[in-house]
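Please look over the sequence and the structure shown here. The questions below go through the model step by step.

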Amino acid sequence: MTIDKTHKCTKCSTELLYTNTGSWYNARRRREKQGFLHCKKCADEHASEANKGNPKITGRPKGSKNNPNYIPHNRGKSENIKNIGWHKKETRMLQIARRNGYDTYKEYRDSLPEWKAYTVDVWRVTNQQPLDLLENIDKRGVNGQDGAYTLDHRVSIKRGFIENIPPEEIGHIDNLQMLPWEENITKGWR
Ligand SMILES: [Zn+2]
């Protein structure tokens, strides 16, 4: 037996049908909380009304292109260009820490194994460099993206770690270059 549960759109009185009891309860709770419940059509109208004058925010925030204070949230994680989102660096660092169960970035950093902590330090230094001075920085993108360049450490982070080179040197602008992503991922140990 299926129980058909319905609500009425509070704007146009269209009958909304819920085949799932849970969704019916959720919708009712939402109506009580918000004071309205809309059908798809009224919801769209309501949203466009509410967003009037607010241009849709898409892509990178203004000024983020060569700004080291903004980093893509999927750096080194995803090959799916659609997943790029841009955040203030501090926000991103805190997100990473929280995701790993820490309250502050410092606590998270201190909890990491030596190699990982070194990597984090190198990237922190790297992101503080005037990256906009690098050739091809305007082509910066992610792995898998057609024609994209990615940031490369000439002397690799791995070698820096093994040879005890300070993160300040590996992350320094003099050790950075932009490489086509294909070249960068096949670079190997250097
Ligand atoms: Zn409606």
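**Helix packing and fold in a predicted model**

Q: Against which elements do the buried residues of α5 pack?
A: In this predicted model, the buried residues of helix α5 are Y118, D121, V122 and T126. Seen down the helix axis, these residues fall within an arc of 140°, so they line one face of α5. The elements that the buried residues of α5 pack against are α6 (157–162), α7 (167–170) and β6 (176–180).

Q: How many Å does helix α5 reach from its first C-alpha to its last?
A: Helix α5 covers residues 114–127 and has 14 residues. At 1.5 Å a residue a span of 20 Å is expected, and the model comes close to this, the reach from first to last C-alpha being 20 Å.

Q: What is the count of buried residues in α1?
A: Helix α1 comprises residues 21–34, and its end C-alpha atoms are 20 Å apart, which agrees with the 20 Å that its 14 residues should span at 1.5 Å a residue. Just after α1, G35 takes a positive phi of about 85°. A residue is called buried here if 20 or more other C-beta atoms lie within 10 Å of its own, and α1 is hardly covered, with a count of buried residues among its 14 residues of 0.

Q: Which residue of β2 is the bridge partner of K5?
A: Strand β1 (residues 5–8) runs antiparallel to strand β2 (residues 15–18), and 4 bridges join them. The two strands form a hairpin with 6 residues between them, and in the turn S13 has a positive phi of about 65°. Within this pairing, the bridge partner of K5 in β2 is Y18.

Q: Of the contacts between residues at least 6 apart in sequence, what percentage join residues at least 24 apart?
A: The protein has 8 helices and 6 strands, which run from the N terminus in the order β-β-α-α-β-β-α-α-α-β-α-α-β-α. Buried residues make up 9% of its 190 residues. Among contacts between residues at least 6 apart in sequence, the share that join residues at least 24 apart is 53%.

Q: Over which residues is the pLDDT below 50, in a stretch with 11 contacts beyond near neighbours in sequence?
A: The protein averages a pLDDT of 80, and 77% of the residues score at least 70. One stretch has a pLDDT below 50, although the model gives it 11 contacts beyond near neighbours in sequence, and this stretch is residues 77–84.

Technical notes: Residues numbered from 1 in each chain as written. Predicted model: local features only at pLDDT ≥ 70, side-chain atom pairs only at ≥ 80, totals over all residues. Pairing = 2+ DSSP bridges. Buried ≥ 20, exposed ≤ 12 C-beta atoms within 10 Å, placed from the backbone. Contact = placed C-beta atoms within 7 Å. Expected span 1.5 Å × (residues − 1). Arc of directions from axis to C-beta. pLDDT = per-residue confidence, 0-100.
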